[in-house]
Amino acid sequence: MLTIREFDTRAGERFADGEIPGFVHLYVGEEAVGVGACAALEEDDYITSTHRGHGHCIAKGLDPKLMMSEIYGKRDGYCNGKGGSMHIADVDSEMLGANGIVGAGPPLGTGAALSISQKGEDRIALSFLGDGAVAQGQVHEAVNLASTWDLPVVFLIENNQYGEGTAVSDQHNAKNLSDTAAAYDIPGINVDGMDITAVNEAVTEARKRARNGEGPTLIEAETYRFHGHFEGDQELYRDEEEVEDWRKRDPIDTFSERLIERDELSEEELGEMREDIEMEIEDAIEYAKNADDPTPDEAYEDMFSQRVPDIDLFVEQANARADGGTRGGEF
Ligand SMILES: Cc1ncc(C[n+]2csc(CCOP(=O)(O)OP(=O)(O)O)c2C)c(N)n1
């Protein structure tokens, strides 16, 4: 959780300084969901993520250096700098991708679970999705098929109380989003998403069901994002007091206090962990900043289609557009 907090806090700062292209959607405040869930998984279980995916990637064990490089658009990044913040993927880590399309993760999770089932493998898939994504048509299709075919998949809703600037109560009539599970005849469970242990227990149980051939579980974790929807969001839809109330339940503070009370962690150890992580993320930023940009002739690599357009014409046009003042400058 500390690594995610530091990674996203620093990514937000670097974005504000204009170093990072595109958008960043930060996971600050929601760490207990991603970490509690991934800690309940086996290493070869699949996950699918969302546009707010940095925390899921770190919880699944991805390397912050290669993640930061991807966010900076560098060639060393997980997708050679072509995906950016919203499209970090690492199939070797069974991390099937962050996703810029809201609700696009669950169909991938159901698909992965279908392949597991057909190959007779001993693993599961877990799909993270937001409260806004619950209203997406493709999410219904994915959950319905997974339920009908008893596939080994867990759907984990991160209810952070808003879809962009729209409160959950203005998006859904259902009191709890987990209540929608009844329509699929699967268990629907509501947990405190600010409590890493509660999330971990719910996912452990859901994983067991999935492995026993009992099909999917829909879990709703009640959580909160401490930052805006994206960096630069004016946050006119909520007041400071509400944010402060949720900050009092910071999942890192409450969990570390609990560990210290139980003598399982000392203040000193916590301080050392924080320092080590600060250095690790600082190194990741330096690494990303100094990494190479992809070159124009790499633009058509890593594609499903083999058709290569006139690359010389592309480079000529790119050079004509380059103003020398933007990152990359003359090709
Ligand atoms: C299909 C689709 N519709 C709309 C958008 C624009 N959009 C990006 S994030 C977002 C809100 C998603 O809310 P939620 O699923 O609750 O996730 P959160 O941002 O709260 O983590 C929307 C509407 C999109 N990316 N994809």
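Let's start at R75, which sits in the loop between helix α4 (64-71) and helix α5 (105-119). The model you are looking at is a predicted one, so please read each value below as computed from that prediction. With a relative accessibility of 29%, R75 counts as partly exposed. Setting aside its neighbours within four places in sequence, R75 is in contact with N80, D292, D293, P294, T295 and E298. For a sense of scale, pick out G34: R75 and G34 are 41 residues apart in sequence, and their C-alpha atoms are 27 Å apart in space.

The domain assignment divides the protein chain into domain 1 (2-290) and domain 2 (295-331). Taken over C-alpha atoms, the centres of domain 1 and domain 2 are separated by 34 Å. Where the two meet, six residues of domain 1 are in contact with six residues of domain 2.

Now follow the strands. Strand β1 (residues 46-48) and strand β2 run parallel and are joined by three bridges. Among the pairings is that of T48, whose bridge partner in β2 is S127. On to strand β3 (residues 153-159): six bridges join β2 to β3, and these two strands also run parallel. Here F128 has L156 in β3 as its bridge partner. To get from β2 to β3, the chain passes through helix α6 (residues 137-148), making a β-α-β crossover that is right-handed.

How well covered is strand β2 (residues 125-130)? Five of its six residues are buried, so the strand is mostly covered, where buried means under 20% relative accessible area. Beyond its neighbours within four places in sequence, L126 is in contact with A37, L41, Y46, I47, T48, V154, L156 and V203.

In soluble globular proteins, nonpolar side chains tend to be buried together. In this model, the largest nonpolar core has 58 residues, and M67, M68, L126, L156, V203 and I219 are the ones that touch the most other members. Apart from that core lies another of 20 residues, including Y46, A112, A113 and I116.

Which residues come into contact with H25, leaving aside its neighbours within four places in sequence? They are D8, H51, R52, S85, M86, H229 and F230. H25 lies in the loop between α1 (2-16) and α2 (31-38). Although this is a loop position, H25 counts as buried, at 6% relative accessibility.

Searching the whole structure turns up zero of them. C57 is in no disulfide, and the nearest cysteine sulfur, that of C79, is 9.1 Å away.

Conventions. Residues are numbered from 1 along each chain as its sequence is written. This is a predicted model: local features need pLDDT of at least 70, side-chain atom pairs count only at pLDDT 80 or more; totals for chains, interfaces and linings use all residues. Side-chain values use heavy atoms; hydrogens and water are left out. A nonpolar core is a set of buried Ala, Val, Leu, Ile, Met, Phe, Trp, Tyr and Cys residues joined through side-chain atoms within 4.5 Å. Buried means under 20% relative accessible area, exposed over 50%, partly exposed in between (1.4 Å probe, protein chains only). Contact means heavy atoms within 4.5 Å. A disulfide is a pair of cysteine sulfur atoms within 2.5 Å. Helices (H or I, at least four residues) and strands (E, at least two) are DSSP runs, numbered from the N terminus. Two strands pair if DSSP finds at least two bridges between them. A crossover is right-handed if, with the strands pointing away from the viewer, the path from the first strand over the helix to the second runs clockwise. Domain bounds come from an automatic or database domain assignment.
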